[in-house]
Amino acid sequence: MLDLDFNLNDFCSINDEELAALAKSDKSALNALICRYSKLVFIKSEIYANYFTNSDDLRQEGLMGLLSAVGSFNPEKNVKFSTFAEVCIENRMKSLLAKENKFASSVENIDELFEISNISSDETPESVYLCKEYFSELFSSIRSALSPTELSAFNFCIQGLSYRAAAEKLGITEKSVDNAMQRARRKIRALMRL
């Protein structure tokens, strides 16, 4: 948790590389580094946000990328910390986007969304927007309701993989995939009733 009970001015004269080295063992230095890079995380999250992934999720991933950068930064490699941190932040965000896009790839375009929801594509732009919002919220609710195993099994199954193929990819048994899908179906049905 970010502790704001420190004096940011104590770290103004320290460059990023020194601060990153300090941050590995000093909580105040880590908090100062997070404060320094929070604007970068915010900007990147706004750039990468899309229909299926909101900027809040991306900000969380970006902060995780920043923490990863602090933990694995090696000043002996002659790379500036700012460059290294930016790459780590972007990689975490792109990884989340790739996962989300795999999830969304089962619905290739808006016409398929209309088909699924029995909405005509001849409707007004406002209704198209509302439909997109509905599915965005639905996908977000599904992602938050399912456990990681359930979400992975669900993603593989909606992509058309058999339980056996999903089990191989996940490194679990077919029965575990079946159980995860049963739980996922129950949770999704409950969401659809709301």
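From the N terminus on, the elements of the protein run α-α-α-α-α-α-α-α-α. This is a predicted model, where local features need pLDDT of at least 70, side-chain atom pairs count only at pLDDT 80 or more, and totals for chains, interfaces and linings use all residues. Residues are numbered from 1 along each chain as its sequence is written, and side-chain values use heavy atoms, with hydrogens and water left out.

Visitor: Which residues of helix 7 are buried?
Guide: Buried means under 20% relative accessible area, with a 1.4 Å probe and protein chains only. Helix 7 covers residues 148-158. Its buried residues are E150, L151, A153, F154, N155, F156 and C157.

Visitor: Which residues in helix 8 meet helix 7?
Guide: Contact means heavy atoms within 4.5 Å. Helix 7 brings S152, A153, F156 and C157. In helix 8 they meet Y163, A166, K169 and L170.

Visitor: Why are helix 7 and helix 8 oblique to each other?
Guide: Angles under 35 degrees count as roughly parallel, over 145 as roughly antiparallel, 65 to 115 as roughly perpendicular and the rest as oblique. Axes are lines fitted to C-alpha atoms, for helices over the stretch in contact, and angles run from 0 to 180 degrees between N-to-C directions. The two helices are therefore oblique, as they pack at an angle of about 135°.

Note on methods. Helices (H or I, at least four residues) and strands (E, at least two) are DSSP runs, numbered from the N terminus. Buried means under 20% relative accessible area, exposed over 50%, partly exposed in between (1.4 Å probe, protein chains only).
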